[in-house]
Amino acid sequence: MFDFIRKQFIDVIQWESPSEETLVWRFPVADQEIQNGASLTVRDSQMAMFVNEGVTADVFGAGRYTLNTQTLPILTNLKNWDKFFQSPFKSDVYFFNTRQQIGKRWGTAQPVTVRDSDFGIVQLRSFGMYSYRIADPALFFKEIAGVVEAYTGEQLEAQLKNIAMTQLAAAFGTSGVPFLDMAANQVLLSQKMNELLKPEFAKLGLALENFTVESVTLPENIQAALDKRMSMNIIGDLNQYTSYQTAEAISMAAQNEGGLAGMGAGMGVGVGVGQAMASALAGAAQPQAVAPAAEDPQAKLQKLKALLDGGLIAQADYDAAKAEVLKQLIG
């Protein structure tokens, strides 16, 4: 008889050992009843919710509660209890894991087609990470989990990734920033994605904590064609590049102890260097006299690449100048 009575009534309701991946867990009531005055314990990073015949009722944050009509006002109304209710009762109790779900990866399984101000219609791939938490248990239960024994983050990830992919195209389309600038400024894209995704996550009862973009790339064939155009005819510019290097070397030597003569004291190198300097300056000046009013964008790219490879300009300067020139080159 004692075992029978113990089986019929529940005095303590708690979620003692939640797994990291489990987002929702239903307390195993089965055919048992909850004793009026039973204890409900909700730990940190948890929330508990009573559900009456599929209808959400009272929600509890972290703490310890004595269950009665005062602490269960919504459930009391649903069951038409009066304030003197003392009998055991039946109700589903769901626990929600509100810990931040971190380190979730997202990526484009297929290229996303977007309209770019520089290249027109292009297909892009992008990858990164995001984190979220359950913020509204009642809404999450209604929109996502429903009546289940348990619901895991793995079950949710596919839907969240699809939402991210939908908004990725919107981010490129509404940001007004060309692909070349966006690829170089992933922080800007991350901020835009956070702005677009937070309302979508909120509709599911979730709070988007962070969304980062780690890479944005073109398809391999387009990237290869772009690289080829950048390096095309670079050999034709080597004479001008060499002249520039010579002038820079002479300028640096002049600042060293001993000046230009110190570069080759006793060997007449000072005179040779002077001649090299004159030739370099003449070589640099001559093309300017015959150069057209507007230099070919492709030639500008070749010069930029040569200066970058020679360590004469920084990567950031190269990226900024490249983006501007490519607007003329590719259109």
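Modeller: Let's start with a definition: buried means under 20% relative accessible area, exposed means over 50%, and partly exposed is in between (1.4 Å probe, protein chains only). This is a predicted model, where local features need pLDDT of at least 70, side-chain atom pairs count only at pLDDT 80 or more, and totals for chains, interfaces and linings use all residues. Residues are numbered from 1 along each chain as its sequence is written, and side-chain values use heavy atoms, with hydrogens and water left out.

Biologist: Why is N80 called exposed?

Modeller: N80 has 67% relative accessibility, and the cut-off for exposed is over 50%, so N80 counts as exposed. N80 isn't a glycine, yet its phi is positive, about 60 degrees.

Biologist: And what makes E53 exposed?

Modeller: Its relative accessible area is 75%. Exposed starts over 50%, so E53 is exposed. E53 also has a positive phi, about 50 degrees, without being a glycine.

Biologist: What makes a set of residues a nonpolar core?

Modeller: They're buried Ala, Val, Leu, Ile, Met, Phe, Trp, Tyr and Cys residues, joined through side-chain atoms within 4.5 Å. The largest one here has 50 residues, and F140 is among those with the most contacts inside it. A second, separate core has 21 residues, including W15 and F85.

Biologist: Which residues does F140 contact, leaving aside neighbours within four places in sequence?

Modeller: Contact means heavy atoms within 4.5 Å. Among the partners of F140 are L23, F96, Y151 and L206.
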